Amino acid sequence: MKKILVLGGGFAGIEAAIYLRRYKYNVTLVSDRDFFYIYPTSIWVPTREIKYKDICINLKDLQKAHGFNVIIDKVQKIEAKKHSVTLQSGKILSQYDNLIIALGASKIKPKGVQYTLSICGIPQQSLQIRDKLDELIKRGGGKIAFGFGGNVHDSSAVRGGPGFELLFNVHNMLVKKGIRDKFELTFFAPMQKPGARMGDKALDMMDITFKKNKIKKQFGKKIKEFTADGVIFEDNSKLLSDFVMFISAGNGHQAVIQSDLPKNEAGFVKINDFCEVDGFNNIYAIGDVSAIEGPNWRAKQGHIAEVMARNVAYNIHTNNNKKGYAKHLNILCIMDSGNGAVFIYRNNKKEKMMPMPIIGHWLKKGWGHYCRLSKLGRIPRIPGM
Ligand SMILES: Cc1cc2nc3c(=O)[nH]c(=O)nc-3n(C[C@H](O)[C@H](O)[C@H](O)COP(=O)(O)OP(=O)(O)OC[C@H]3O[C@@H](n4cnc5c(N)ncnc54)[C@H](O)[C@@H]3O)c2cc1C
């Protein structure tokens, strides 16, 4: 029986482990946290619409449901040519036929980033954002800035959607509490048109929402640094803020940067359409850790990570009629606002944008439950989801 080592316990790693077990391989998954985190629904932790524990799935439960081995440890060194992975504990893993790298991305660290919190950072930051919001509500008001940054080396690593979602959710929470007028909400980003890759229709809709909800905009100025009281831009203008939620763009994972794996300029692992790492025939990179090639609107998303994972499991098993990820590239999201959502879809041929007041919010909530229960094997998977 083939031995397969999977590094990372996010959407990519978990999906790979689940599907490889369906083919009955001996699978070992290494993760530095003992739970799988459902990132897309984490936007509701800061507004207390969901409990943190409800978006964490214990890896022990996934292990029980699917029968893969789990090692909780941190991957420190990958020596691909030596066929060796070193963990923080000192343990060396070299007994594998195939290695699947699914470690996700690191984040660019602009000056002063420690003064900010990110909804896309380590899971615990969602709780810190919640506490910060509680503090401002208790104080009776304040200025809150939400933003995201770019990566000039790889536009697919830029993540803005959750920033918009959190902003709209906070707006709605404040409206419900009857204290929206006590807060100034601003969205900032260095691009002229943040969110442009979702398509023109989505951009227009966002503009209308900003105006309707009296949300200020600060677009098109590079960020110089963050300070304890706000954001300073390239022209030295300052956005004063009591709290800044900032999503840094992704870049290569530290263990990947230090490894002998081939990388693009941003530090993501170079792969072909079948997620095989360039120059190796038994190593794969999937999800956010990989350099995704394609149209300039392409984005690192969870459903793409899962397609890559399922393809790799299939390709390892069959090794002919291999499946590629490129034809599955699209943007798919239900952008939630707390009282509804907008369905956004884009591929090479079409762009779709459909407002879904009220029901959209519950659909996304439903997806969260589906994600948990289907990953645990308690309900069947819907093909492609
Ligand atoms: C707030 C938010 C909302 C989102 N919404 C959507 C959405 O609506 N739709 C969508 O498709 N995508 C969405 N995404 C994107 C999606 O979550 C990511 O694309 C997806 O998580 C990528 O999965 P991954 O497994 O490649 O990486 P990750 O999810 O980052 O997982 C990496 C895993 O590796 C582990 N790890 C990292 N370093 C080490 C190490 N050194 N040693 C051992 N383990 C390590 C981590 O603990 C983690 O378990 C969202 C992301 C965020 C943050």
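Tutor: Two strands pair if DSSP finds at least two bridges between them, and strands (E, at least two residues) and helices (H or I, at least four) are DSSP runs numbered from the N terminus. The model discussed here is predicted, with local features requiring pLDDT of at least 70 and side-chain atom pairs pLDDT 80 or more, while totals for chains, interfaces and linings use all residues. Residues are numbered from 1 along each chain as its sequence is written.

Student: Which residue is the bridge partner of Ile-101 in β21?

Tutor: Strand β9 covers residues 98-101 and pairs with β21 in the parallel sense, over 3 bridges. Within β21, the residue bridged to Ile-101 is Ala-285.

Student: Which are the edge strands of the open sheet?

Tutor: The open sheet is formed by 5 strands with parallel pairing, in the order β5-β2-β1-β9-β21. Pairing on one side only marks the edge strands, which are β5 (69-72) and β21 (283-285).

Student: Are α1 and α7 roughly parallel or roughly antiparallel to each other?

Tutor: Helix α1 (residues 11-22) and helix α7 (residues 302-318) have axes that come within 8 Å and cross at roughly 30°, where axes are lines fitted to C-alpha atoms, for helices over the stretch in contact, and angles run from 0 to 180 degrees between N-to-C directions. Angles under 35 degrees count as roughly parallel and those over 145 as roughly antiparallel, with 65 to 115 roughly perpendicular and the rest oblique. The relation of α1 to α7 is therefore roughly parallel.
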